[in-house]
Amino acid sequence: MPDKDYNRLYRQIPPVDEVLNKPALASLAQEVPRTLILSAVREAAAQLRDEIKSGKLVLPSGIEPRDFLTVEMVNRTTTLAVRGNSPNLRRVLNLTGVVLHTNLGRAVLSNNARLAINQAASGYSNLELDLQTGKRGSRYAPVEGLLTTLTGAEAALVVNNNAAAVLLALGTLAKGHEVIVSRGQLVEIGGSFRIPEVMAQSGARLVEVGATNKTHPYDYQNAITNETALLLHVHTSNYRIVGFTRETNIAELVAIGREFNLPVMSDLGSGSLVNTGKLDLPVEPTVQEVVGDGADVVTFSGDKLLGGPQAGIIVGKRKYLDRMKKNQLTRALRIDKFTVSALEATLREYLNPAEARHNVPTLAMLAARRNELAPVADRLCEKLTTAAGEQAQFSIMEIDSAVGGGALPTADLPSLAVAVLPRSLTVTQLAARLRDTEPAVLGRLQDDALLLDVRTLQPTEEDPLVQVLAQTLAGGAIG
Ligand SMILES: *Cc1c(COP(=O)(O)O)cnc(C)c1O
């Protein structure tokens, strides 16, 4: 469109005041704050100008451009204002079968952890007050004792996440010095955590040894110099090297560390407190085992296999942990009261391991066997067929779920899904609409079906899921 043509059309966009005075928007102002309506009206105008300029806007015949643009302004403003007035962080029903889905907030907290957060939020607490002495206390006190009891370590510290834990440990123990790591362990986690980068950030110098598939004890021994401050072992949590391999394990590294008087650190990543083999999952070393092997510092996440809040947990020898506690960085990486409360409640679940398996949702979801999921899948399939059988075909399919969160990458968890085959929508349309419902629903697309893996569906979410799906499918093919 030539410049002056679209300038002419721009001028047909009604002014803000005129739009705001339309009855539809006047009544909207009862529910939506005025600031949000104002920014919505400006955004609507900007959208229309963009679409006029790019030629995307189609003016229908039989209506004056000005009238058409007025209707568009009112409709778009309403949509944008209503959207702006609803929470941006929304509830999502996870039917992907990925138990620790980083994009969906990782671990679902236990009942007790949720209650603890609620209590911490609803009033004051002794976060940094020792109630016995009336003096200032440590915010780590509520979790430190539990962590040492559960892991057998001398001391513990908790920071914002495991990336922060690694940064703090390296920065405290090896700043300006060398850290020896196997080439097979220079991992990248989740696109933003890379051992070489974290190392550089901490001020420690990385010394790579061995080859990708094999690193022998003598590789570490030969690389040790006066500059060496730490031997680091990184759990290759999100991939496996198979075949012709040799890893120097923690116990071997500890032996070398003792010989050369150097601390050994293990970045465990997930850091399970229970034997994953007992949940029918691939066996991972537990935190207790790594501590028992003599590692001086062990770091792991709070919201991976532990099933707690986002946190980076550091356990190990007191002399190293004390140095970390004094590091200024600890203040910057400190956890808030919600994390303290949820982590304490989560750790308390582990005092009774047999119960933890049922009470910690992450463990319960990971441990669920296909035959245990069958009643859920059957019931869901039946409810959906009753509610929306005319709009879609529902059937049960065997699939594999994943642990996620970069944990246990080789585990496949035999699971069941309800496959949804919509009749008048494409499966991509259905998936897109389900991202826009309240709560949003996320499944897995496969061929012409949307697969709803029941492993990650929470017990209270069954009916909301049926309702949202039935409504969305009934919405028809247009729009
Ligand atoms: C996940 C992971 C991290 C990062 O932990 P966050 O808690 O996500 O910060 C670091 N190291 C390893 C080995 C991991 O698996």
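**Figure 1. Contacts across the whole protein chain.** Among contacts between residues at least 6 apart in sequence, 75% join residues at least 24 apart. The model is predicted. The protein chain holds 20 helices and 16 strands. Its C-alpha atoms fill a box of roughly 90 × 55 × 50 Å along the principal axes. Of its 479 residues, 49% count as buried. The chain exposes about 23,300 Å², and carbon and sulfur atoms supply 50% of that area.

**Figure 2. Helix H18 packs with helix H20.** Two packed helices are described by the angle between their axes and the distance between the axes. Here H18 (residues 370–388) and H20 (residues 462–474) meet at an angle of about 35 degrees, and their axes are 10 Å apart. The crossing of H18 past H20 is right-handed. From H18, the contact takes in Val-376, Arg-379, Leu-380, Lys-383, Leu-384, Ala-387 and Ala-388. H20 contributes Glu-462, Asp-463, Leu-465, Val-466, Leu-469, Ala-470 and Leu-473. Ten of the contact residues are nonpolar, four are charged and none is polar.

**Figure 3. Five strands form an open sheet.** The strand order is S2-S12-S13-S16-S15, and the pairing is mixed. Strands S2 (98–100) and S15 (444–446) are the edges, each pairing on one side only. Neighbouring strands are turned by 40 degrees against each other on average, direction ignored.

**Figure 4. Strands S13 and S16 pair, with helix H19 lying across them****.** Strands of a sheet pair through backbone hydrogen bonds, either parallel or antiparallel. S13 (residues 413–422) and S16 (residues 449–453) take the antiparallel sense, over four bridges. Ala-419 stands opposite Leu-451 in S16. Helix H19 (residues 427–434) lies across S13, S15 and S16. H19 runs at about 45 degrees to S16.

Figure 5. Most residues other than glycine have a negative phi, and most peptide bonds are trans. Pro-439 sits in the loop between H19 and strand S14 (440–442).

**Figure 6. Arg-106 and Asp-280 have positive phi values****.** Arg-106 is not a glycine, yet its phi is about 55 degrees. Its loop joins S2 and helix H6 (111–122). For Asp-280, phi is near 65 degrees. Asp-280 belongs to the loop between strand S9 (264–269) and helix H12 (287–292). Is Asp-280 buried or exposed? Asp-280 is exposed, with a relative accessible area of 53%.

Notes: Residues are numbered from 1 along each chain as its sequence is written. This is a predicted model: local features need pLDDT of at least 70, side-chain atom pairs count only at pLDDT 80 or more; totals for chains, interfaces and linings use all residues. Side-chain values use heavy atoms; hydrogens and water are left out. Axes are lines fitted to C-alpha atoms, for helices over the stretch in contact, and angles run from 0 to 180 degrees between N-to-C directions. Helices (H or I, at least four residues) and strands (E, at least two) are DSSP runs, numbered from the N terminus. A crossing is left-handed if the near helix is turned anticlockwise from the far one by less than a right angle, and right-handed if clockwise. Contact means heavy atoms within 4.5 Å. Ala, Val, Leu, Ile, Met, Phe, Trp, Tyr, Cys and Pro count as nonpolar, Asp, Glu, Lys and Arg as charged, and the others, Gly among them, as polar. Two strands pair if DSSP finds at least two bridges between them. Buried means under 20% relative accessible area, exposed over 50%, partly exposed in between (1.4 Å probe, protein chains only). Accessible areas come from the Shrake-Rupley method with a 1.4 Å probe; for residues, only the protein chains shown count as cover.
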